[in-house]
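Below is a short report on the metal sites and pockets of one structure. Please read it alongside the model.

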Amino acid sequence: MSLHAPLPTLCAVCRGWGHARICGDCLQREAPPHPRCTVCAIRVPAAVSVCGACLLDPPPFARSVAALDYAYPWSGLIAAFKFHAALDLAPALAAVLAAAVRRAEPPRPTLLLPVPLSPERLAERGMNQAWELARRIGSAIGIEARADLLCRWVDTPHLADLPRAQRAARIKGAFGIDVRQAHRLRGRRVALVDDVMTSGATAGEAARVLRAGGADEVHVWVVARTPAPADR
Ligand SMILES: [Zn+2]
Ligand SMILES: [Zn+2]
C-alpha cells in the first residue's frame, strides 16, 4: 500500500471496513434516488415535477435539491455530525449532496451560502455544519462558497413543532446581510446549503432576505429532506 492510500476506516452505517466513511454498498442501499418536487424537494410520484403545496403557494426559493429523506440511518449520522461535531462525516455527506446536485442538474448557481447559525449557537457548537458542507461542495463542483454574507441574528429551534403561521412569525427577522458583502449578491443565482430541510420555513426566510438583498434566484441544497406529510 502506498503511503498516500486512504487509511482503512469503518463505514458509519454498516460498520464494515473500507476506505470511505460511508461505503458504496450502503450509499446504494440507503440513499436511492427518488423523484422529488423540483421546488421544495419533497418526494413526489414519478410523473410530477412540482408538488401541490408549491403550486398553491410557491416558496421564496425557486429550486431545491435533497439527496435523501431524513430517516434512518441518515438522521443518526446527521445528528452526530451536527450536534457532536463528527467532522469525519462531513466529506461523505457533502459527497452525497454533490452527487444529488449532479443528478438533478439544476440551473447552476454562482454562489453557495451556508444557512448560518447565530454567533451564540456557533460558539456553542464549535462549527456550522452547513458551512462544513457548503465549502466542500463548492470545491467539489467549482462554485464559490462564502460564510460571511448571510448572517443570523437569532436561532429558532423547534420551528417544525409550530403551526405554519407561528413558524413564519418566529423566523421573521432571523437573517440579515452583511453590508460589506451585499454587493456580491446582485444578480446572482445563489444556493443555500444546509444539512436538513424540515418545514422549509427557515430556508424560505433566508431566501426572502437574499432576494430582497438583490439575489436573482435562490435555490436550496440539503443533504436530507424531512418527509412528513404535514410538511409545510
Ligand atoms: Zn457500509
Ligand atoms: Zn414542493
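The lining of the second largest pocket has seven nonpolar, three polar and seven charged residues in this predicted model. The second largest pocket has a volume of about 310 Å³. Its lining comprises 17 residues. Arg164, Ala168, Gly200, Ala201 and Gly204 lie nearest the centre of the second largest pocket. Two elements, helix 7 (164-171) and helix 8, each give two or more residues to this lining.

The largest pocket has a volume of about 720 Å³. The residues that line the largest pocket number 30. Nearest its centre lie Lys82, Thr156, Val196, Thr198 and Thr202. Several elements each give two or more residues to the lining of the largest pocket: helix 3 (74-83), helix 5 (119-125), strand 7 (189-197), helix 8 (201-212) and strand 8 (217-225). The largest share, four residues, comes from strand 7. By class, the lining of the largest pocket has 14 nonpolar, eight polar and eight charged residues.

| Zinc ion | Donors | Distance | Spacing in sequence |
|---|---|---|---|
| Ligand 1 | Cys11 (SG), Cys14 (SG), Cys23 (SG), Cys26 (SG) | 2.3 Å | C-x2-C-x8-C-x2-C |
| Ligand 2 | Cys37 (SG), Cys40 (SG), Cys51 (SG), Cys54 (SG) | 2.3 Å | C-x2-C-x10-C-x2-C |

Why is the arrangement around the zinc ion (ligand 1) tetrahedral? Its four donor atoms subtend angles of 105 to 115°. The ideal angle for four tetrahedral donors at a metal is 109.5 degrees.

Cys14 has 38% relative accessibility. That value lies between the 20% and 50% cut-offs, so Cys14 counts as partly exposed.

Cys37 is buried, at 1% relative accessibility. Cys40 is buried as well, at 1% relative accessibility.

Definitions and conventions. Residues are numbered from 1 along each chain as its sequence is written. Chains are lettered from A and ligands numbered from 1 in the order in which they are written. This is a predicted model: local features need pLDDT of at least 70, side-chain atom pairs count only at pLDDT 80 or more; totals for chains, interfaces and linings use all residues. Side-chain values use heavy atoms; hydrogens and water are left out. Donors are N, O and S atoms within 2.8 Å of the metal (3.2 Å for Na, K and Ca); water is not among the atoms, so sites may look incomplete. Buried means under 20% relative accessible area, exposed over 50%, partly exposed in between (1.4 Å probe, protein chains only). Four donors count as tetrahedral if all angles lie between 85 and 135 degrees; four count as square planar and six as octahedral if opposite donors are over 155 degrees apart and all others between 65 and 115; anything else is irregular. On a 1 Å grid over the protein atoms alone, a cavity is a set of points where a 1.4 Å probe fits but cannot get out, and a pocket is an open set with protein on both sides within 12 Å along at least five of seven lines; lining residues have an atom within 4 Å of a point. Grid points are joined across faces, edges and corners, and a volume is the space filled by probe spheres set on the points. Ala, Val, Leu, Ile, Met, Phe, Trp, Tyr, Cys and Pro count as nonpolar, Asp, Glu, Lys and Arg as charged, and the others, Gly among them, as polar.
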